[in-house]
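Colleague: Could you take me through this protein? I would like to start with what you count as a contact.

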Amino acid sequence: MSDVLRNAVKSAAKMYFKFNKPKRNLKKYIPVSGKVLDNDDLCNLIDVSLDMWLTTGRFNDEFEKNLSEFLHVKYAATTNSGSSANLLALSALTSYKLGEKQLKKGDEVITVASGFPTTVNPIIQLGLIPVFVDCNLETCNIDETKLEQSLTEKTKAIFVAHTLGNPYNLDKILEICKKYSLWLIEDSCDALGATYKNQNVGTVGHIGTFSFYPAHHITMGEGGAVVTNDTQLHRIILSFRDWGRDCWCKPGHDNTCKNRFAMQFGNLPLGYDHKYTYSHIGYNLKITDWQAAIGLSQLKKLPKFLEKRTENANYLINKLKDLEKYFIFPKVDNDSKPSWFGLLLSVKQNDKFTKQQLVEYLEQNGVGTRQLFAGNILRQPMMTENEIPLRIGNSTLLLSNKLTENEYKLLPNADYIMNNTFWVGVFPALGKKEMDKISKLVHDFIKEKIK
């Protein structure tokens, strides 16, 4: 009887969704990103609500399993955001369980200045030293040719993002990681489904992170995941995510290790309950089954989402190709297959117009735009108003709030991106009609400026 009632509720929900589906007015405004939901997503929410299981449960188990299968990676652990995923990934590398490979306060982590703050924030929050390497202007990814010269004996990890879904040169970076015994965290929050040499990004390095915020390739509202092929790292990640506990039992389960009352840790008495033994200074960053339920139905649609993003990006690039005199278009490595989060455009230096003028024109005419997130993050108030130790390339140790213009010039491409780069949307709710409008407005603007 309960199954009959459950199905009746879901059928009613589908009918409701059919007549009350949220609608976008794309004629008025073309957003840069957005969630794409259907009645399957709603039915999953109804299903989990009827379970009345208020934390992670069966939907989360299935989502983690399906995500790891999609990515061809051993382990996937959900968390409440991509930002938390980045924090968990780096926190895991500070675990004493890693012995000589443990990151300690004062160790250096290579990153880039152009990107989203939550790639950089965990480095600072954990007492590590960020080392900023400049970007390649054609990809807006880290310039791997400048990476090796930025290393010191204190460098222990590389933590960089695949910019807007366009993979960086993983071969070169892995070569350096192996040569100098460095950890590699792939921030793939904007790159779900992108591949490098037919392998999913996020699974090539030691740890990968993903975001399921509504703007991303799939959504669960707020949510993220940390993936790895390393059993020890996976258990450490779970520990930091789940209060720092040593036990890896799922909620509602006991004695997975079969030694719950037979072990000794720290200065606890022999046999102290393993379920209440804590090995790390952890957090509580789990998701609910509602989030997992949405993620699960979204994941089934991911291949079509990726196909549409690629179609939109390629179509728009082709429509704008005649403007190469004025733009740097994103370069794609021969070994890469991007999963475009958005389409980056960098305005070439000219005396006719600026990025700011073009962005304002597009916004005034109903096309949404975004900067490449923080631009040069070293110029953001979070850095200029705080005394944060850092290095730029092969410089000596500097303080963030005391940087001079000469020191900012050590990152010329980060400044160029800050001043000249923006992106527009290619997400699945958009199509050729919207790409045509974006192209026409860009062409109209330039014709007006160069006449």
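Modeller: Contact here means heavy atoms within 4.5 Å. Please keep in mind that this is a predicted model.

Colleague: Let us turn to helix 3. How does helix 3 pack with helix 8?

Modeller: Helix 3 covers residues 58-71 and helix 8 covers residues 289-320; they pack at an angle of about 25°, with their axes 7 Å apart. That makes helix 3 roughly parallel to helix 8, as angles under 35 degrees count as roughly parallel. Their crossing is left-handed.

Colleague: Which residues are involved there?

Modeller: From helix 3, the residues are R58, F59, N60, E62, F63, N66, L67 and F70. In helix 8 they meet D289, A292, A293, G295, L296, L299, L302 and L306. By class, the contact of helix 3 with helix 8 comprises 10 nonpolar, 3 polar and 3 charged residues.

Colleague: Which strands does helix 3 lie across?

Modeller: Helix 3 lies across strand 1, strand 8 (207-211) and strand 9 (224-228), and runs at about 130° to strand 1. Helix 4, residues 82-92, lies across strand 1, strand 4, strand 5, strand 8 and strand 9. The angle of helix 4 to strand 8 is about 165°.

Colleague: What is the strand order in the sheet of 9 strands?

Modeller: The order is 1-9-8-5-4-2-3-14-15, in an open sheet with mixed pairing. At its edges are strand 1 (75-79) and strand 15 (398-399), each of which pairs on one side only.

Colleague: How do strand 4 and strand 5 pair?

Modeller: Strand 4 (residues 155-161) and strand 5 (residues 183-187) are parallel, with 5 bridges between them. A157 has W183 in strand 5 as its bridge partner.

Colleague: What about the sheet of 3 strands: what is its order?

Modeller: That open sheet has the order 7-6-11 and antiparallel pairing. Strand 7 (199-200) and strand 11 (336-337) each have a single partner strand, so one side of each is left without a neighbour in the sheet. Strand 6 (residues 195-196) runs antiparallel to strand 11 and is joined to it by 2 bridges. Y196 stands opposite S336 in strand 11.

Colleague: Finally, the overall picture. How many helices and strands are there?

Modeller: The protein has 13 helices and 16 strands. Its C-alpha trace spans about 80 × 65 × 40 Å along the principal axes.

Methods: Residues numbered from 1 in each chain as written. Predicted model: local features only at pLDDT ≥ 70, side-chain atom pairs only at ≥ 80, totals over all residues. Heavy atoms only, no water. Pairing = 2+ DSSP bridges. Helix = DSSP H or I, 4+ residues; strand = E, 2+ residues; numbered from the N terminus. Axes fitted to C-alpha atoms, helices over the stretch in contact; angles between N-to-C directions. Parallel < 35°, antiparallel > 145°, perpendicular 65-115°, else oblique. Left-handed = near helix turned anticlockwise from the far one by under 90°. Nonpolar A, V, L, I, M, F, W, Y, C, P; charged D, E, K, R; others polar.
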